Amino acid sequence: MQVLKFGGSSVANAENINKVVAIVQEASKKDNTVLVVSALGGVTDLLLSAARLASLGDESYHDQLAVIEKRHLTAVTELIPVARQASVLSAVKKQCNEIDDICNGIFLLRELSAASKDRVVSFGELMSSKIISAKLGADGIENAWKDSRELIKTDLNYGNAKVDFEKSNRLIAGFFTGVSEKVTVLPGFIASAPNGTTTTLGRGGSDYTAAIVAAALDAKILEIWTDVSGIMTADPGNVTNAKIISNISYQEAMELSHFGAKVIYPPTIQPVLKRNIPVKVKNTFAPADEGTLIDNTATHNGSIVRGITSISNIALLGLEGSGMVGIPGFSKRLFEALAGARINVIMITQGSSEHSICVAIEVSNADRAKESIDRAFEPEIAAGQVEPLIVESSLAIVAVVGDNMKNHPGISGKMFGALGRNGVNVRAIAQGSSERNISAVIYKEDVKKAINVLHEEFFETTYKQVNLFVAGVGNVGSRLLAQLHKQKSYLLNHLRLQVRVVGLANSRKMAYNENGINLDEWKSELDKGEPMNIDKFIENIRSKNLRNSLFADVTANEELAKHYDKLLSKSISVVACNKVAASSSFEYYKTLKDLAREYNVPFLFETNVGAGLPVIGTLNDLLRSGDKVNRIQAVLSGTLNFVFNNYNGEKSFARVVRQAQDEGYTEPDPRLDLSGKDVMRKIMILAREAGEHIEMDDIKNESFMPESCMVGSVENFYAEMEKHEDHFKKIYQKAAGNGNKLKFVASYENGRASVGLKEIDPQHDFYHLYGKDNVVLFYTDRYVDQPLVVKGAGAGAEVTASGVFADIIRASRREA
């Protein structure tokens, strides 16, 4: 004997029922078959809706019933030959009339009891099973139909009745002794109470019906046919890379189903477990797929964790107070209060101090739970020994499940480390003594991210997915996108990173695509975006709550830099090409560094100094290894170095500066470079990274620019420089006459910093510095006479973009 159960999606319409019939026909050739079916997909909800509308005095319940009747009559006419339709149509019509009569009674009484509700919803399975039995007969498959209410007996707990297994087993075994047909069709979900009234086994109870029958008949196998190809490592609605689990133990299946895995109804496992009957979960729409086998000999699937699941809409109840410590009986009274209110406890956790105990329940029961528990502890609350019950809602539970977790150290650490790195706050934790399940209560808004993070941590060994938001698509930003696009395969194959650009913004537009923006067409996708709003852009990054989120600021926007704290506090990595944040007030700089440390999230800004050169990284390596920086000398402006390397008085100073701007070496406003302010920012950032508390006002700037050049528009800036050409020529000629070169030098020593134009003699390290190169000399306790030198191209969109790229990779791999 074998038992096959088909769910609502499998019997939703005539097309799907034909698939079911084909599967049953093949199965019945191998062995006698019991076929258990659910109502047509969606019909149970329609029946409940009609009953509720009737109880509210809303006559539109007739519309719902008309939809139900039409669906069943249509199924009959599409499935059954015309010559055999009459009796089936008559039976369906008769049952639809009976539903109408019951709903009319509910309408008149304005009352919907639990017993009436069970009676109404039972018609879904009764009608679907009758239609499928008739279809089998029409196709020449001899079968018997039996009302499950005559076989499965329960108590009077309508809606979720408890099965009387002794009586039910006897009735099932007795009935099947006299069955001669190869196939027997049973309606799932329904049973009957001792008084003969209809009861139901809970939503999803058709699985349970099949398991009860399989156990009573000691069947060879129970097959659960659904719309997915087995139990998966996570809900595919939340995790696109969820994988089919080929083999799983009974205990693992129970844990996964209890904690929200919807493929199988939680009580289903218990009856077949006792009889050691294997369960196969198969796909009606892909019957050739292997599916999932549930038995007591589950094999390893390459991972210690078997699956990840979740339950939403959870409330956490917290009972605490000094009067609980060392006093026996508090937990007993708490659970008695919940049991008395018929409230199921999903998870329990208690600290060893005995000062508090937490339980998780469905949020719909929270008000009743508070009322019942506060009443139970009224004397202690009045005496101040116990606090009134604390109720937290908008929560969910995520759980990792696996038999192989037992005796494997580090699973909990791996789980909570992954959640922590992604800013998922854990409110409560529980782990059973079997070590088969580790559960955590988290905020409901974090469920999707948490499940994806955990799935990536335990199952996706092939690559890590990074969700990147980029602000700024000008010279540097556009080259960054080009580099990301070009290196896509390399990152995936060599670094196991899938970097997806999921958000883009410039000064006019912002666009998002959680599946990744096509970098071949990013310009058109951005053009189709909504108007740019910085507050909204930042809030969208936060609210999307994607795992491994990273924000890259490739702008010079001051307002945008003020929002970094909102991202870091949400555990979103920040990579800043924008120098504003790191060179703002020391207080804000320190706040950002502290937030990065507190939330264990990278805040990287390597390109703030030296474009793509590893200046800040080298400085941090020195400090981490215990060295102390005593002095820094540097040429930090690729723009000014380019200008003074190319200016010799033959071409005007203004024309050389414009050339630098045209070739992409300057800031968007070249006055930042020429005034020395940009260099001041850079030496201040280095001094701060070296541990110095320093502000811009503390830095001495020996400017060589006439004041009139620095006021008005950029065009006025160029015009004024032309007027002061003699000034620039004199500076050049003086240096050249001394055999020296002009370099704009930044210095830091003993807590003081300065910037200014210097004459550099041929023996100095800065003399042979060409083009747009930067150079930084670190004098430390270890590098005393001969400094550690970092030298190379310090300006240009391509090298700056590569520096931002490197920071993105560093942040993605958590090397910061």
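Predicted model: local features only at pLDDT ≥ 70, side-chain atom pairs only at ≥ 80, totals over all residues.
Residues are numbered from 1 along each chain as its sequence is written, and side-chain values use heavy atoms, with hydrogens and water left out.

Reader: How many of the residues of strand β7 are buried?
Author: Strands are DSSP runs of E with at least two residues, numbered from the N terminus, and β7 covers residues 221-226. Buried means under 20% relative accessible area with a 1.4 Å probe and protein chains only, exposed over 50%, and partly exposed in between. Ile221, Glu223 and Trp225 point one way and Leu222, Ile224 and Thr226 the other way, and all are buried.

Reader: Which residue of β9 is the bridge partner of Thr226?
Author: Two strands pair if DSSP finds at least two bridges between them, and β7 pairs with β9 (residues 279-283) in the parallel sense over 5 bridges. In β9, the partner of Thr226 is Asn283.

Reader: With which side chain does the side chain of Thr555 make a polar contact of 2.6 Å?
Author: Thr555 is found in the loop between β21 (549-553) and α19 (558-561), and at 22% relative accessibility it counts as partly exposed. A polar contact is a pair of N or O atoms within 3.5 Å; within protein, one must be able to donate a hydrogen and the other to accept it, and residues adjacent in sequence count only if both atoms are side-chain atoms. At 2.6 Å, the partner is the side chain of Asp553.

Terms used: Helix = DSSP H or I, 4+ residues; strand = E, 2+ residues; numbered from the N terminus.
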